[in-house]
Amino acid sequence: MKQNVGTEEAIKRWDAFADTYSKNHTEQGDLHKEVFLNPTLFSLMGDVKNKKVLDAGCGEGYLSRILSKSGSIVTAVDYSPIMIEIAKGRTPKDLLIDYRQGNCEELNILEDESFDLIVSNMVIHDLANYEKAFQEMYRLLVDGGSFIFSILHPCFVTPECGWEKTESGEKLHWNVDKYFHEGAYEQGLGDKEKMLFFHRTLTSYINTLIKTGFVLESIEEPKPSIEILKKHPSFEEDFRCADFIVFKLKK
Ligand SMILES: C[S@@+](CC[C@H](N)C(=O)[O-])C[C@H]1O[C@@H](n2cnc3c(N)ncnc32)[C@H](O)[C@@H]1O
């Protein structure tokens, strides 16, 4: 575990990784988003036409662009100035997305109750102060508004985890360790880049959401569809444990 590191260090690393990360993204995101996250997020979001939507931690902005093309009025925030520049550069002029540089833990650049829907795709585990971020999301939503977010599944993706393999490389089972070790840890994302993530237990996530005032509407653990398995048979191993979890909350 890394001591005394926080959101600023996490963002420094996202800035440095922004170009490489974005090159992996098409207008549907990367392969994992296409296979696991997008189908779940879109089914939970439902009809987004004319809704005021915040994409919290937008990255290079593929989700904001899909939402904008679907008729949402989109504000997109990311703390990494380089990600925001890349997102703006990838956005055609006719998509009126309001991109802002800002920290999801402190979004006083945005007014209370200004969104019907907040979506945050694979961001919350980047934040040192997730309690504050949940409070901000609550403040920014109208009454009855929805907050949908995805994270690495905290029961399987822990500060120490990975495949147990035979000498010939056959995957035996997925090891999970240090589940109760909450705090910062490093995860390799690219060939050499190590991102800083913050681990919390499932109990901490759920209790913090409840304490913030949210009502839990739905939890999903995305799996590949039959069609996807036909196209990408290697995703069969994702029936062995869950990589992601998606929450839908109501204010
Ligand atoms: C895994 S990427 C996901 C990007 C985007 N949501 C997507 O699905 O493509 C995580 C993003 O969160 C941003 N981020 C990390 N910490 C943040 C913070 N405190 N406030 C706002 N954005 C943050 C990073 O800069 C990065 O763009």
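Predicted model: local features only at pLDDT ≥ 70, side-chain atom pairs only at ≥ 80, totals over all residues.
## A pair of strands to start with

In which sense do strand E4 and strand E5 pair, and over how many bridges? Strand E4 covers residues 115–121 and strand E5 covers residues 141–152, and the two pair in the parallel sense over 6 bridges.

Now let us follow the strands. E4 and E5 belong to an open sheet of 7 strands with mixed pairing, and the order is E3-E2-E1-E4-E5-E11-E10. The edges are formed by strand E3 (98–101) and strand E10 (215–220); each has a single partner strand, so one side of each is left without a neighbour in the sheet. On average, neighbouring strands of this sheet are turned by 15° against each other, direction ignored.

## Helices on the sheet

Helix H4, residues 81–90, packs on the sheet and touches E2 and E3. The direction of H4 makes about 165° with that of E3.

Another helix, H5 (residues 130–140), lies across strand E1 (52–56), E4 and E5. H5 runs at about 145° to E5.

## Around the ligand

There are 24 residues around the ligand, and those that come nearest are Gly-57, Gly-59, Tyr-79, Ser-80 and Asn-121. Helix H1 (7–23), helix H3 (62–69) and strand E2 (73–78) are the elements that give two or more residues to this shell. The largest share, 4 residues, comes from H1.

What classes of residue make up the shell around the ligand? By class, the shell has 13 nonpolar, 7 polar and 4 charged residues.

Notes
Residues numbered from 1 in each chain as written. Near = placed C-beta within 6 Å. Nonpolar A, V, L, I, M, F, W, Y, C, P; charged D, E, K, R; others polar. Pairing = 2+ DSSP bridges. Axes fitted to C-alpha atoms, helices over the stretch in contact; angles between N-to-C directions. Contact = placed C-beta atoms within 7 Å.
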